[in-house]
Amino acid sequence: ELIFSSLPVTVHVLEGKKVTSYESTFQISFRGAEAFVLLLIAALMNSVVMFGHVEDRRKDVYTMATLGADPKSLFNAMLVEATILGVAASYLGWLAAPLINAALSELSAWWGGAAVAVSPLPIENMFYATVIGLAVSVASAYIPSRRASGLSKMGREERKVISPSELKLAGGMAIYELPIRV
């Protein structure tokens, strides 16, 4: 059994006009492969988004490559972007969880069920959410980042060093003819 968090949480249950409060251990746990299936789905969704991002920014990547960005720089830029998005999304998810819980509780009470109000999530849960979100984000962005780094053709080739014998002097200026065939 994989347990992400086991922290004490105060739970307030509203049934009709009576409120019952008790403290319990709040555990997010998954048994067996369920946790890995959920993480795999999250990674696949993130990977699809990153592939789309690479395709949308293809012209930008070509421009950076033309200006001299090597494949390693492009790879690192995409991974840094995925890291920032992973941390931000994890933090926003941690903030939104109590709001979603409150909305679902109100909806349940409206349908005639018991309303359950959970106290705000402890700060330790933000750490767990950030670590898991960061790991999933970086792992799923690896292949799209490699693909983006492959778009840089200039960075893969060795740069030519121009020797003085290849230069022509004309009017006090050194001229080098590019080896381009038309």
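**Notes on the model**

1. Let me start with glutamate 55, which is partly exposed at 34% relative accessibility (buried means under 20% relative accessible area, exposed over 50%, partly exposed in between, with a 1.4 Å probe and protein chains only). This is a predicted model, in which local features need pLDDT of at least 70 and side-chain atom pairs count only at pLDDT 80 or more, while totals for chains, interfaces and linings use all residues. Residues are numbered from 1 along each chain as its sequence is written, and side-chain values use heavy atoms, with hydrogens and water left out.

2. Glutamate 55 has arginine 147 as a salt-bridge partner, at 3.3 Å from N to O (a salt bridge is a side-chain nitrogen of Lys or Arg within 4 Å of a carboxyl oxygen of Asp or Glu). The pair links distant parts of the chain, 92 residues apart: glutamate 55 belongs to helix 1 (residues 34-56) and arginine 147 to helix 4. Helices here are DSSP runs (H or I, at least four residues), numbered from the N terminus. Arginine 147 is also partly exposed, with a relative accessible area of 42%.

3. How many salt bridges does the structure hold? There are five. In one of them, arginine 57 meets glutamate 81, with the closest N and O atoms 2.9 Å apart. Arginine 57 lies in the loop between helix 1 and helix 2 (58-66) and glutamate 81 in helix 3 (residues 71-110), so this pair ties together parts that are 24 residues apart in sequence. Glutamate 81 counts as partly exposed at 22% relative accessibility. Salt bridges that share partners also join Glu55, Arg58 and Arg147 into one network.

4. Arginine 57 has a salt bridge with aspartate 60 as well, at 3.9 Å from N to O. Both residues are partly exposed: the relative accessible area is 25% for arginine 57 and 43% for aspartate 60.

5. Buried residues in helix 4 include Gly133, Val136, Ser137, Ser140 and Pro144.

6. Where does asparagine 46 sit? This residue is in helix 1 and counts as buried at 19% relative accessibility. Beyond its neighbours within four places in sequence, asparagine 46 is in contact with Val136, Ser137 and Ser140 (contact means heavy atoms within 4.5 Å).

7. The largest nonpolar core has 12 residues, among them Val54, Phe75, Met78, Ala148 and Leu151 (a set of buried Ala, Val, Leu, Ile, Met, Phe, Trp, Tyr and Cys residues joined through side-chain atoms within 4.5 Å). Helix 3 gives the most to this core, with five residues.

8. Finally, the structure holds one aromatic pair. Phenylalanine 75 and tyrosine 142 are edge-to-face, 5.5 Å centre to centre with 85° between the planes (ring centres of Phe, Tyr and Trp, with its six-membered ring, lie within 6.5 Å; planes under 30 degrees apart count as stacked, over 60 as edge-to-face and the rest as tilted). Phenylalanine 75 is buried at 13%, whereas tyrosine 142 is partly exposed at 42%.

Notes: Helix = DSSP H or I, 4+ residues; strand = E, 2+ residues; numbered from the N terminus.
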